[in-house]
Amino acid sequence: MSESLLLQAYVDGVCTLTLNRPQSLNSFNQAMLGELLTCLQKIAEDRSVRCLILTGQGRAFCAGQDLHEPRLGLQKNQTRADLGSVIEQEYRPLILQLRAMPIPIIAAVNGVAAGAGANLAFACDIVIAGQSASFIQAFAKIGLVPDCGGTWFLPRLVGRAHALGLAWFGDKLTAHEAQQAGLIWQCVEDEQLTSTALALGQRLAAMPTRALVATRLAMDQAQQSNLAEALLGEAKWQRELGNANDYAEGVNAFIEKRSPHFSDR
Ligand code: T3D
């Protein structure tokens, strides 16, 4: 029986998904792309899951597209795949699904994250990495532009000058450098990565999920708007959240000097 390309574990409302092609540094083949998308869609519907952690099996997080995959047609005399279609039909839905998840998402980057693998991590809400992890915008080295949202995420995370440098030179950025550059939230000891990710996941799972997700959406929308529009956007979110159970629960818990129990999603 073939082993699953995606391992799943559940603890206290936190789901951990582990990319499981360690022999190819968890690079994406068509099957793993499909499995990940389907799994995200199921998790989005599962109200018992309040936080998602994405990580990799073995010594890598994800090395991007599997460059050995026969369907790319890179062998002599083969017909080349239309990469535009691969991106449109497989990677784009995956990134959009991640960004639309109704729960917070943590990338626990356990090793090298290259190409689409790096930008998969940057599509997550909080990125933490083990000290021996690294990030590589590998695209220019093989004659491509950053995909999986790299052209959108990188300038927003580190500004145009840094983003272009990262994309053109494709140099390896250590986890520590990535943290210094503001690309990721936290760099931790390798041995602490799993426990830190789970602790953050449990903390987020106990928080008001709808407000966390609304914050992600409001920030993304504010990037496209002027201040007046952003203020209106905030009013729209507060109107909606102010009518939700979690707001009343949070305020009541404060007044009654007890821990809140949030349940909205
Ligand atoms: O193409 C499309 O459909 C469009 C979509 C594009 C999205 C993309 O992601 S483009 C970018 C693709 N990824 C890369 O270009 C990264 C290629 N890999 C590397 O540069 C290096 O492997 C790493 C920097 C990630 C790690 O280096 P290192 O020295 O630690 O390991 P290694 O020896 O290079 O690799 C170990 C094994 O993993 C090796 O297999 P082997 O020789 O032991 O049997 C290697 O072939 C395999 N591997 C690593 N990356 C990939 C891969 N196999 C398939 N695809 C990979 N991307």
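These questions and answers walk through one predicted protein model.

Residues are numbered from 1 along each chain as its sequence is written. In this predicted model, local features need pLDDT of at least 70, side-chain atom pairs count only at pLDDT 80 or more, totals for chains, interfaces and linings use all residues, and side-chain values use heavy atoms, with hydrogens and water left out.

Me: How many helices and strands are there in the protein?
Reply: Helices (H or I, at least four residues) and strands (E, at least two) are DSSP runs, numbered from the N terminus. Counted this way, the protein has ten helices and ten strands.

Me: Why is the protein as compact as a globular protein of that length?
Reply: The radius of gyration is taken over C-alpha atoms, and the globule rule is 2.2 Å times the number of residues to the power 0.38. For 265 residues the rule gives 18 Å, and the protein is close to that, so it is as compact as a globular protein of that length, with a radius of gyration of 19 Å.

Me: What percentage of the residues of the protein count as buried?
Reply: Buried means under 20% relative accessible area, exposed over 50%, partly exposed in between (1.4 Å probe, protein chains only). Of the 265 residues, the buried share is 45%.

Me: Is Thr-55 buried or exposed?
Reply: Thr-55 lies in strand 3, residues 51–56. Its relative accessible area is 14%. Thr-55 is therefore buried.

Me: Which residue has its backbone oxygen 2.8 Å from a polar atom of the side chain of Thr-55?
Reply: A polar contact is a pair of N or O atoms within 3.5 Å; within protein, one must be able to donate a hydrogen and the other to accept it, and residues adjacent in sequence count only if both atoms are side-chain atoms. The Thr-55 side chain has such a contact of 3.4 Å with the side chain of Asn-110. The backbone oxygen at 2.8 Å belongs to Ala-108.

Me: Where is Ile-184 found?
Reply: Ile-184 is buried, at 6% relative accessibility. Helix 6 (175–180) comes on one side and strand 10 (186–188) on the other; Ile-184 is in the loop between them.

Me: Which residues is Ile-184 in contact with, leaving aside its neighbours within four places in sequence?
Reply: Contact means heavy atoms within 4.5 Å. Ile-184 is in contact with Phe-122, Val-127, Ala-129, Phe-135, Ala-175, Ala-178 and Gln-179.

Me: How far apart in space are Ile-184 and Asp-220?
Reply: In sequence, Ile-184 and Asp-220 are 36 residues apart. C-alpha to C-alpha, the distance is 17 Å.
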